[in-house]
Amino acid sequence: MSIKSDNEIKLLEEAARFGDIGVEEALRAMEQGRTECEIAAIAEACVVEKGGIIEEETLVRSGERTYPPGVLGATTKKLKEGEFVTIDFHPSVEAYLGDVARTVILKKGTRKQRQALKFAHELRQIIAETIKPGNVKAQKALKITKKVLKFAAPRIAKRIKAAMD
């Protein structure tokens with residue numbers, strides 16, 4: 001088992017902070033007619049201006065491209081009101097990578113869309129609480145997370161697909 005030094009923890013926290021900053025800027029810029037590529041560029045530029053580095057491709061997916069999550073990259077697809085938009089962003093500091101992802105509904109979504117996002121958020125909260133430092137060992141946490149996802153993934157997929165119809 002590897003334990004991070006205080007300096008490594010600071011670098012990870014800084015990378016995560018850059019992730020939050022970039023995603024928040026991207027969320028503010030999301031509007032109908034903007035392309036996925038424009039949103040990715042806004043997030044990346046914000047971080048680079050503040051001294052961060054972009055290590056991996058910024059993923060912005062909207063509408064039908066939002067699910068399944070294996071669809072990669074940002075495209076020239078224009079955002080539309082009422083559709084899901086996901087940004088998955090990976091800034092780094094001295095090779096320590098941040099990983100921040102958000103899914104939102106552009107403008108006002110349907111009741112089904114809001115329920116699907118609420119369900120996914122609740123699932124994420126359960127997983128995050130399970131793997132808090134000192135709660136359980138990493139391997140046990142990973143096993144618990146896999147079990148939760150195995151059970152929940154089909155339900156999440158069903159809710160997301162229903163919300164997109």
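This is a predicted model: local features need pLDDT of at least 70, side-chain atom pairs count only at pLDDT 80 or more; totals for chains, interfaces and linings use all residues.

Trainee: Why is T66 called buried?

Mentor: Buried means under 20% relative accessible area, exposed means over 50%, and partly exposed lies in between, with a 1.4 Å probe and protein chains only. T66 has a relative accessible area of 8%, and therefore it is called buried, although it lies in the loop between β2 (59-62) and β3 (84-89). Helices (H or I, at least four residues) and strands (E, at least two) are DSSP runs, numbered from the N terminus.

Trainee: What is T66 in contact with, leaving aside its neighbours within four places in sequence?

Mentor: With contact meaning heavy atoms within 4.5 Å, T66 is in contact with R61, F84, V85, T86 and T103.

Trainee: What does the side chain of T66 reach at 3.1 Å?

Mentor: The side chain of T66 reaches the backbone oxygen of F84 at that distance. A polar contact is a pair of N or O atoms within 3.5 Å, where within protein one must be able to donate a hydrogen and the other to accept it, and residues adjacent in sequence count only if both atoms are side-chain atoms.

Trainee: What makes β3 mostly covered?

Mentor: Six of the six residues of β3 are buried. F84, T86 and D88 point one way from β3, whereas V85, I87 and F89 point the other way; in a regular strand the side chains alternate between the two faces of the sheet.

Trainee: How many bridges join β2 to β3, and how many join β3 to β6?

Mentor: Two strands pair if DSSP finds at least two bridges between them. Four bridges join β2 to β3, which run antiparallel, and V60 stands opposite I87 in β3. Six bridges join β3 to β6 (residues 100-105), again antiparallel, with I105 in β6 as the bridge partner of F84.

Trainee: Why do β1 and β5 stand at the edges?

Mentor: Three strands form an open antiparallel sheet in the order β1-β4-β5. β1 (53-54) and β5 (96-97) each have a single partner strand, so one side of each is left without a neighbour in the sheet. β1 and β4 (residues 91-93) pair over two bridges, and I53 stands opposite S92 in β4.

Technical notes:
Residues are numbered from 1 along each chain as its sequence is written. Side-chain values use heavy atoms; hydrogens and water are left out.
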